[in-house]
Amino acid sequence: MMGGEGFRTASAAAGVAPDKAASFNDVVREFMKGLLEMSVEFGRGCRDVVRQSLVTEDSFLVRNFGNDSYIGRKIKVPKDNVLRRLRLFNEYLVPEDKDPLHAWSVILSVFLLALAVLSLSIEYDTAIPVAKNVYIHPPSADRIILPDGRYMAYREQGVPADRARFSIIIPHSFLSSRLSGIPGLKASLLEEFGVRLLTYDLPGFGYSTGSVHAWAALRYIPDRLAGAAMFAPMVNPYDSLMNRGERYGIWEKWTRKRKFMYFLARRFPKFLSYFYRQSFLSGKHGQIDQWLALTLGRRDRALIEDPIYEEFWQRDVEESIRQGNAKPFVEEAVLQVSNWGFSLADLKLQKKQRGKGILNLIKFFLSGSEEEYTGFLGPIHIWQGMDDKVVPPSMTDFVHRVLPSAAVHKLPYEGHFTYLYFCDECHRQIFTTLFGTPQGPLPVNNTIEVEQTPLDDIQVQEDASTQDDFKTDSDIKVFYN
């Protein structure tokens, strides 16, 4: 084995000194120099190829865009005029000791820099204002307890129940609450027509508890609210319309986001909670068309930008998302795209079909009963804005073909929100159509009824004089009919 002394001797014999041995850094440095030299030579070679291929007299560019080509002859005179005028600018603007090309490059750079600064300033000034934070207000709703133990929050407007000529119940739409009702409706108009207006929070929305699938509980509301009007039959026209989407052109007018949300609600509803938490459950306010992926017309766009509507919309959303739970919204979205077991055609007034067979025929003749009718017996009114992009007129045309007896009120130049929201004259026209001439609330009937309190076994044993002394003013109750 060779030792350290032998190794040094061998290195010296080879003619390589230890202090001059090539290090790794030197190798990398030389490699980079060679790479740069090769890159420069490669660029020069590419330049020569371009010159020989494109700049020669027989190249494509020279033949089609050169001075002797058709295009070159056409632009030669304008080009000479521009160059002559630029020379005049050079004489007055560019110093004599400066190269015109260098001077104009500096001027152009300064101009582009100033333009960029101005564009950033304008963009900052016209930027969308910072979104307001959602504020959850203290509880202020009246609630009733349903037989299954759930709470239903409601709001009552107009005349009292015992003096109301008409009672209206308005269920709110998606991402809304009992506070919506008819936005901007004045109490004086309700008093003039004798109307009692009731709105309520859907289960899971606002201050109501429970799941939105518990629809059976809604039938108790009229009894709990002291004789409110019966609920109108609910129908879901979207399912029957979407099967004919290509025919009526509704699907094509939807935004891509709305189509995507519809697909998720039909196929993968669990993913909706992610999008809801990124929008109206994020703690920030936004616009209704962005959150619900709506296409709005010109007048609807102007309405939602109004400060009065903005204040109403933000307060309504804050009440709707009070519980901070995405589950009710997901279930509501699934309900809106599901088949509810009946359709618009079920509202059409028609004779009830008797069962087939001899037994049913004999039963009909023996019973002597009159023919029965099915469907909705009352009037149906539809107000359709002709500039409505959310529910286009083609949808109303389809509904009118299914229900020919429905009265369709076509509103020129009106959108989806403009006729119902914050329009005093529109509200008066709607009430006049529904209720006729205003007659005010019902008169007060000061009828006093005495309610006898039953006596228990101990009171029965007392004499008549003691019984007379036992009656107090609390046994007399006044009812106004």
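## Close-up views of a predicted model

**View 1. Helix α18 sits mostly inside the structure.** Seven of the 10 residues of helix α18 (residues 393-402) are buried, so the rest of the structure largely encloses this helix. Buried here means under 20% relative accessible area, with exposed over 50% and partly exposed in between (1.4 Å probe, protein chains only). The buried residues of α18 are P393, S394, M395, T396, F398, V399 and V402. Helices (H or I, at least four residues) and strands (E, at least two) are DSSP runs, numbered from the N terminus. Keep in mind that this is a predicted model, where local features need pLDDT of at least 70, side-chain atom pairs count only at pLDDT 80 or more, and totals for chains, interfaces and linings use all residues. Residues are numbered from 1 along each chain as its sequence is written, and side-chain values use heavy atoms, with hydrogens and water left out.

**View 2. The whole chain, for orientation.** You'll find 21 helices and 10 strands in the chain. Of its 481 residues, 29% are buried. Take the contacts (heavy atoms within 4.5 Å) between residues at least 6 apart in sequence: 74% of them join residues at least 24 apart.

**View 3. The largest nonpolar core.** A nonpolar core is a set of buried Ala, Val, Leu, Ile, Met, Phe, Trp, Tyr and Cys residues joined through side-chain atoms within 4.5 Å. The largest one has 43 residues, and L175, L272, Y276, F280, Y309, I321 and F329 touch the most other members. At least two residues of this core come from each of several elements, including β2 (151-158), β4 (195-200), α11 (256-267) and α15 (307-320). Zoom in on I321 and, leaving aside neighbours within four places in sequence, you'll see contacts with V134, I136, L175, F280, L281 and F329.

**View 4. Helix α16 and what it packs against.** Seven of the 10 residues of α16 are buried, so this helix too is largely enclosed by the rest of the structure. The buried ones are P328, F329, V330, E331, E332, A333 and L335. They pack against α11, α12 and α15.

**View 5. E319, a buried residue in helix α15.** E319 is part of helix α15, and its relative accessible area is 1%, which means it counts as buried. G206 is 113 residues away from E319 in sequence, yet the two sit 5.1 Å apart in space, C-alpha to C-alpha. Not counting residues up to four places away in sequence, E319 touches S177, R178, L179, G206 and Y207.

**View 6. R258, buried with no salt bridge.** Look for R258 in helix α11. This arginine is buried but has no salt bridge, and D388, the nearest side chain of opposite charge, is 8.1 Å away. A salt bridge takes a side-chain nitrogen of Lys or Arg within 4 Å of a carboxyl oxygen of Asp or Glu; for charge, Lys and Arg count as positive and Asp and Glu as negative, while His and the chain ends are not counted. Leaving aside neighbours within four places in sequence, R258 is in contact with A293, L294 and V390.

**View 7. The disulfide, and another cysteine.** The structure holds one disulfide, defined as a pair of cysteine sulfur atoms within 2.5 Å. C423 and C426 are the partners, S to S 2.1 Å. Their link is right-handed, with 60° about the S-S bond. Both C423 and C426 are buried. C46, on the other hand, counts as partly exposed because its relative accessibility is 34%.
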